[in-house]
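Trainee: Could you walk me through this structure step by step? I would like to learn how to read it.

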Amino acid sequence: MILHVDKITMQFGGIKAINELSFSIKDKEIYGLIGPNGAGKTTAFNVITGNYIPSSGSIKFENKDVVGVKPHKIVKLGIARTFQNIRLFKSMSVMDNILIGFDSAMHYTYLESILRLPRFFSEEKKSRQKAKEIMEYFGLLEFEHHKASELSYGNQRKVEIARAIATNPKLLLLDEPAAGMNPAETKELATLIKKAKDDFDISILLIEHDMKFVNHLCDRVLVLDYGKMIFEGKPSEAIKNEEVVSAYLGDFIHD
Amino acid sequence: MSKIKTLQLMAIMLTILLMWLAQNHLDDYSLRILTTIAIFIILATSYNLINGITGQLSLEPNGFVAVGAYVTALLLISSDAKLDMYQLAEPSPWLLLLNTTLVPALFFSGVVSAILAFILAFPVFRVRGDYLAIVTLGFGFIIRVFAVNTPAVTNGAIGLNDIPSSVNLYWAGAFAMATVLIMLNIIYSKYGRGMKAVRDDEDAASAMGVNTFKIKTYAFMTSAFFEGVGGGLLAVFLTTISPDIFTFFLTFQLIIIIVLGGLGSMTGTIIGAFLVIGGGEWLRVLDEEVNFLGLHIDAHPGMRMVVFSVILIVVMIFAREGIMGKRELTDLFRRVKK
């Protein structure tokens, strides 16, 4: 059990964006979070990554309580994320984007960088080498010196995942990784995510609307509607579940 | 890496050579302009670190420059001179004990500014964007009000004069070069990358493990340190300072320099400093009456500012991100190589 979410509620004014949500993610599992727009999926991500502090409930990551821990510290504990709308550092090169992921792994002080002491060079060299390996893995090496904003949409998605992997996470949160991709790209991405899971030894929690993608990739899914869990189990069963279907398509079918 | 180092070394050698040529062949007036430009390079590059690189729109550099100028001035003026000078109030007794030489005085100026920046960081970085601008703007005003209203320390509106002068082009140039080199070393390190990441997307930066508050505070303190040092140099260069010098207009000039040169480019900032400070002086000819081929135009004081503004507008139309954008000189060479 790598992540254990227990009865978290996130309240914004009078609205409960998440209502007593509980779930656990096993080691090396790909767990899907699905549900209609506004169901509270991204809010759940923001609660796990420390951007929001839940109104109640607890979140345990590797048996450590992470509620109230600042986002940049949660990354150090081993939770990394991507964003629904790509949020790369647009003016920076692909290399620099990936290197940001190594920020907490590089150990030299401010003064050491100003004076260019030996540790600066050795640490930078080490991280650059690792960054190149990750870029090669994701097929991004040829874009090393390109500005992130110059890349195609599909490649920007890849840079975002590569950047998250660079933080050396144990749990990776992917917010709609296949959004805006065509079927061929989606298929390629699914293969890549599955492979990366094994090669980097990580568990994955992902939000996605493309059911084919979810079906192909996820071991288990959780369906959210109005902040509440309405289904948890195998993706193939989720599609058959009446409550899930009505949450997506509306009740009128049954009338 | 080594290519960049060679380029840096060449730039340093060239600057030293040009300074030597200037010192030996130019008149006093031109030398004073060049020294002013060197001091403004220090102020503008350090301002660019917080404003252009880290993307925090702050409007307080006049405050830090003032602090630096006053600290250096108070450390350099002898106690006898202070007793003579203070007319509005008796100088505070501890002021008379302060006396050092130039380099430690400049260092203290930087340290005092940096400490103020550290204290200011806590309220300032709770707010973002427009609010940040307003809060920092307030700080600049507070420092000025403080300078006017504490005659026992600052000699009030009269200001300080007879600051022992020892700054020439070499001094200012050496400090300017050191500042630029330190800025570049910061920018091309994990701290500089963190600053740029904060500028591009603060939430994404913290989602990648960057402690954004710490990074912003580092940038702010570094910027304040060098603005303090630059302020100290300015005080020694002018030999007379008063609260009037450190109005918002100073900040405004720095903004023009970094926007014109390119927010986030040190090379651009240097070019901007030459254009704005040098240009302001070299265009003076426009204020005088012109007799050219029998054509007579009366003197129009202020004409140079009109022409200057037109130049600014033209540059901003054709290079919206400033002359250099976010690029450095080394980036241009890298592009050629490809």
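Predicted model: local features only at pLDDT ≥ 70, side-chain atom pairs only at ≥ 80, totals over all residues.

Trainee: Okay, how is chain A divided into domains?

Mentor: The domain assignment of chain A gives domain 1, made of 1-78 + 169-255, and domain 2, which covers 88-167. The centres of domain 1 of chain A and domain 2 of chain A, taken over C-alpha atoms, are separated by 27 Å.

Trainee: And how many residues of each domain are in contact?

Mentor: Ten residues of domain 1 of chain A touch eight residues of domain 2 of chain A. On the domain 1 side of that contact, α2 and α7 (183-199) of chain A each supply at least two residues. By class, the residues on this side of domain 1 of chain A are seven nonpolar, one polar and two charged.

Trainee: Switching to sheets, what's the strand order in the six-stranded one?

Mentor: The order is β6-β7-β8-β3-β9-β10 in chain A, and this open sheet has mixed pairing. Its edge strands are β6 (79-81) and β10 (228-233) of chain A, each of which pairs on one side only. From one strand to the next, the twist averages 20°.

Trainee: Which strands does β3 pair with there?

Mentor: On one hand, β3(A) is joined by four bridges to strand β8 (residues 203-207) of chain A, and the two run parallel; within that pairing, A:Tyr31 has A:Leu205 of β8(A) as its bridge partner. On the other hand, β3(A) also pairs in the parallel sense with strand β9 (residues 220-225) of chain A, again over four bridges, and there A:Ile34 stands opposite A:Val223 of β9(A).

Trainee: Is β3 buried or exposed?

Mentor: Strand β3 (residues 30-34) of chain A is mostly covered, with five of its five residues buried.

Trainee: What about β7 and β8?

Mentor: Those two strands of chain A run parallel and are joined by five bridges, and one place to look is A:Leu174, which stands opposite A:Leu206 in β8(A). Helix α1(A) packs on this sheet and touches β3, β6, β7, β8 and β9 of chain A, with its direction at about 150° to that of β7(A).

Trainee: What else does α1 lie across?

Mentor: Helix α1 (residues 41-48) of chain A also lies across β1, β2 and β4 (56-61) of chain A, and it runs at about 65° to β2(A). Those strands belong to an open sheet of four strands with the order β2-β1-β4-β5 in chain A, where the pairing is antiparallel. The edge strands are β2 and β5 (64-65) of chain A, each pairing on one side only.

Trainee: How many bridges hold β1 and β2 together?

Mentor: Strand β1 (residues 3-12) of chain A pairs with β2(A) over seven bridges in the antiparallel sense, and A:Val5 stands opposite A:Phe23 of β2(A).

Trainee: Last topic, how many residues make the contact between the chains?

Mentor: The contact takes 26 residues from chain A and 22 residues from chain B. On the chain A side, the elements that give two or more residues are α2 (71-77), α3 (94-101) and α4 (110-115) of chain A. By class, that side of chain A has eleven nonpolar, seven polar and eight charged residues.

Conventions: Residues numbered from 1 in each chain as written. Chains lettered and ligands numbered in written order. Contact = placed C-beta atoms within 7 Å. Nonpolar A, V, L, I, M, F, W, Y, C, P; charged D, E, K, R; others polar. Domains from an automatic or database assignment. Buried ≥ 20, exposed ≤ 12 C-beta atoms within 10 Å, placed from the backbone. Pairing = 2+ DSSP bridges. Axes fitted to C-alpha atoms, helices over the stretch in contact; angles between N-to-C directions.
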